[in-house]
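Open the model in your viewer and keep the selection tool at hand. Each stop below tells you what to pick and what you will find there.

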Amino acid sequence: MQKLRKTQINNGVFWVGIEEAGVYILCGCPADSVKHLMKQGLIVTRREKGVTFETGPNVVLLSDVLVQNGSFSNLAEFPILQMLYRQGMLLPNHVNNTGLKPMIIGAKDQVEAQMQYIMRGNYGLLTKEEMIEAGASPKMAEDMMRLKLKFAFGKIRRTIELLDTRIVRNRPVEIRNGVFVSHLSLNVFKFEYKGEKVIVDLNLGPNENYNVPYSLGFHHVKREYFAVIHSGDGDGWDIYRPCMSSILTFQGKIYLIDIGPNILNTLLALGISVNEVEGIFHTHCHDDHFAGLTTLMQSDHRIKYYTTPLIRKSVAKKLSALVAMDESSFNDFFEVCDLEFDVWNNLEGLEVKPILSPHPVETNIFIFRTLWADGYKSYAHFADIVALDILKGMVVNDENELGVSIDYYNKVKDNYLTPENLKKLDIGGGLIHGKAEDFRNDVSDKIILAHTSVELTHEQKEIGSGAPFGMVDTLIPSNQTYVFRYAAQFLRAYFPYIPMYNFRILLNNEIVIFNPESIILKGGVVNKDIYLVLTGNVEQIHSESGLHNVLSAGALVGELSGLTGSLSLETYRAVSFVHALRLPEHLYLDFVKRNGLYSNIKRLQENRRLLQGTWLFGEGISYPKQNKLAQAMSFHKFEKGSDLAGKGLSGITVVKSGKLQILIDGDVFETLSVNHFFGEEGVLFGMDSLFRVVTTEPSEVYNIPTEQLIEMPVVRWRLFETFKKRRRFLSNPESSNAPIFSWRDEFRVNISDMDKHHRLLFEKANKLHDVIGSGGENDALMEALNFLVDYTQYHFKEEEEMMRANNYPEYESQRKEHEKFVKDVLKLKEQINGNDINDYIKVLEFFKEWIINHILTADRKYGPFLNIKGIF
């Protein structure tokens with residue numbers, strides 16, 4: 001009988017079960033993996049010894065890469081919560097609390113990132129100091145910490161206290177009870193048990209995506225003056241519905257209230273494209289309200305992010321832990337718009353009041369209102385809240401005890417029960433969610449019950465209504481058609497120098513609606529109309545060349561073929577409900593000719609086709625943004641053997657034809673061909689490239705300047721992924737015959753003393769590596785390690801003094817990075833157990849990754865700053 005069983009759960013997600021060993025592995029954990037396991041019967045409810053609990057995995061294998069085809073592959077928070085609480089592995093006196101911990105296994109960088117991300121998901125901000133830094137007063141921070149610790153049963157526990165880990169390498173490593181795993185290649189793993197083996201491949205194919213566990217259908221939603229579109233009333237365990245969320249329309253603009261998993265699927269079902277989203281209102285950092293943020297940070301514009309500084313800080317720390325970016329990078333991906341607690345914040349006529357709500361992580365609920373003929377109309381979005389009986393049980397009289405005061409309880413109760421026109425409630429129950437029964441006497445006009453995966457009881461149905469996906473509550477109807485406004489904005493973006501009166505002939509055409517999955521324009525035919533997409537998404541398909549892009553609002557369908565009377569090269573197909581402005585081709589041609597636009601349009605079309613063929617600029621970038629890039633592109637030709645350094649190529653350079661090689665110290669580590677690119681360090685960090693780029697045959701490239709790229713989060717994200725991939729080459733000792741810590745001239749910061757320090761750091765690190773390799777005794781190992789750590793601290797002190805004396809603007813962030821590194825490396829040093837070589841290897845690996853990454857990013861920035869001051 002087969003002992004090792006493999007089952008496919010989703011694209012790129014598998015279950016490996018070894019019942020005899022008691023090991024059950026979820027391989028890959030994108031959003032909603034737990035829901036897929038439930039649907040396939042791999043998580044079921046059981047009852048033993050009078051206790052009801054769920055079965056499920058006890059090990060999670062992480063993907064080697066965080067993102068595949070635009071989707072995050074590693075979101076382990078809910079699988080781990082299911083193990084700890086729904087299986088009962090953490091609960092006192094539970095039948096499944098046997099001392100066995102859930103386990104995360106995978107590559108070192110991914111395991112470490114998940115451990116930090118889960119820690120932030122459990123607790124949010126970890127100290128009073130972090131709360132004060134986020135804007136809380138000392139008294140508020142003290143009260144919040146007393147509440148947080150009460151929820152946490154008296155202690156904030158490090159993730160390592162809750163979970164076990166295994167780092168998976170090429171050699172087999174034991175998981176538990178004779179089950180072994182090894183790494184074969186990128187995202188390919190082998191599991192072995194008693195002579196049996198299975199191979200698991202977590203890679204997604206070129207056009208594959210992770211499937212969603214539920215079907216939402218398609219909904220035709222009108223943009224109202226002030227309305228609430230219900231985009232989710234389930235919770236993180238509901239296999240049939242999205243998690244609790246809403247979409248607010250105000251004066252035709254789209255605002256998301258919380259962003260749970262599979263947000264693109266939600267928007268697609270509602271006929272909303274990402275570039276229509278004006279902003280996000282965010283309640284807290286739990287994954288069922290947070291996971292979609294990882295998708296929206298890959299938008300083509302910085303979406304406005306509305307919440308209080310306290311919640312923003314909590315969210316930014318979790319997101320930065322997940323993606324291994326500096327916390328300050330949050331502002332690179334979102335336009336931060338901080339709100340103030342307990343007051344009406346006026347956002348161009350939409351007023352919003354955030355209110356602190358008791359929860360294990362920092363949480364604010366929202367009340368929205370706007371003025372109308374008979375007074376204010378209001379909507380309250382209450383996720384997540386706490387049951388009042390649970391909160392009352394936390395009331396204490398002594399401020400030194402964990403819990404809350406009676407005044408705090410009364411304030412929360414009053415806030416919850418304030419009457420509104422429409423109120424949406426979390427009624428998930430348990431220790432950290434609300435109860436419908438608390439609102440039995442609430443006199444709000446309408447109450448919506450949400451955040452639950454179970455059917456409403458008759459008693460709950462007497463209290464509030466349901467809100468199926470796509471249902472709309474209109475508080476103030478619109479008496480105008482906002483999509484015409486969108487049309488004017490898109491045309492203005494296309495033709496910024498054409499007077500508005502010239503547009504009116506185009507704007508006077510009809511708006512047509514295409515049903516989902518209907519062909520708008522078929523390839524190989526001559527189109528008589530051109531369509532300006534105003535809402536929704538359209539597929540652009542040319543199967544022969546492999547071209548497939550999803551176009552969002554602002555795209556012009558059939559423009560060039562309509563102008564030239566030629567056959568359309570591509571087929572265009574509605575993905576959702578689509579509103580489009582129909583432009584008769586003869587009318588559009590006349591507009592183009594009268595305004596002298598024809599040659600420019602043809603050039604832009606050709607340039608857009610080049611952009612759409614690339615990974616960097618294709619999927620996820622709207623037509624208006626692609627147009628800006630197409631306008632800014634410059635073309636260059638180079639003969640074979642050309643060194644492209646000093647050729648005036650700032651920003652990103654993309655290969656149009658030919659081949660190029662990226663070199664460092666003469667080593668070739670990447671060959672670039674059509675649609676590949678280079679130059680990411682300059683765009684991300686303002687630094688000269690570490691690498692030389694040389695043509696190996698006659699080549700054509702096009703160059704896009706930095707200022708056109710820096711405000712596009714999706715481009716920034718893809719550049720960061722490329723930077724990390726190329727940076728791994730430098731810290732990979734197998735890339736060349738050089739020592740593990742190989743100093744390269746490209747590492748120079750052009751400050752003589754600091755370059756000497758850095759070279760010495762590499763020498764001392766290599767000495768420790770040599771002692772480890774020769775099997776040195778403990779005294780020799782510890783002597784080499786102490787020498788390395790002591791010199792590092794000396795270097796940091798000298799470097800900080802140099803930056804401080806010269807008023808370097810990033811001195812404080814550098815100082816904090818140094819401080820954290822010393823703290824972490826000393827902690828690792830304390831964990832060294834006798835002569836265990838593996839403990840020293842852990843310290844050396846940590847040192848290698850940190851010091852090389854730090855020199856390549858932070859240190860190389862101060863060189864140009866000091867050089868300008870005459871310091872070399």
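Select helix 2, residues 77-86. Buried here are Glu77, Phe78, Pro79, Ile80, Leu81, Gln82, Met83 and Leu84. Buried means under 20% relative accessible area, exposed over 50%, and partly exposed in between (1.4 Å probe, protein chains only). Because 8 of its 10 residues are buried, helix 2 is largely enclosed by the rest of the structure. Helices (H or I, at least four residues) and strands (E, at least two) are DSSP runs, numbered from the N terminus.

A word on what you are viewing. This is a predicted model, in which local features need pLDDT of at least 70, side-chain atom pairs count only at pLDDT 80 or more, and totals for chains, interfaces and linings use all residues. Residues are numbered from 1 along each chain as its sequence is written, and side-chain values use heavy atoms, with hydrogens and water left out.

Stay on helix 2 and pick arginine 86. Arginine 86 counts as partly exposed, at 28% relative accessibility. Show its contacts (heavy atoms within 4.5 Å). Beyond the neighbours within four places in sequence, they are Met38, Phe53, Glu54, Leu81 and Trp237. After helix 2 comes glycine 88, with a positive phi near 90°.

Next, the second largest pocket. Select Leu81, Tyr85, Pro360, Leu431 and Ile432, which lie nearest its centre among 38 lining residues. The pocket holds about 1200 Å³ of space. Which element gives the most to this lining? Helix 2 does, with 5 residues. Helix 3 (108-123) and helix 5 (138-151) also give two or more. The lining has 18 nonpolar, 11 polar and 9 charged residues. Ala, Val, Leu, Ile, Met, Phe, Trp, Tyr, Cys and Pro count as nonpolar, Asp, Glu, Lys and Arg as charged, and the others, Gly among them, as polar.

Now go to the largest cavity. Select Ala31, Asp32, Phe78, Pro261 and Asp287, the nearest to its centre of 14 lining residues. About 120 Å³ of space lies inside. On a 1 Å grid over the protein atoms alone, a cavity is a set of points where a 1.4 Å probe fits but cannot get out; a pocket is an open set with protein on both sides within 12 Å along at least five of seven lines; lining residues have an atom within 4 Å of a point. Helix 1 (33-39), helix 2 and helix 8 (287-290) each give two or more residues to the cavity lining.

Keep aspartate 32 selected. It sits in the loop between strand 3 (23-27) and helix 1. At 11% relative accessibility, aspartate 32 counts as buried.

Compare glutamate 348, in the loop between strand 21 (345-347) and strand 22 (350-356). Phi is positive there too, near 55°. Glutamate 348 counts as exposed, at 61% relative accessibility.

Last, jump to alanine 383 and aspartate 384. The peptide bond from one to the other is cis, with omega near -5°. Aspartate 384 lies in the loop between strand 24 (375-382) and helix 12 (388-392).

Key: Points joined across faces, edges and corners; volume = space filled by probe spheres on them.
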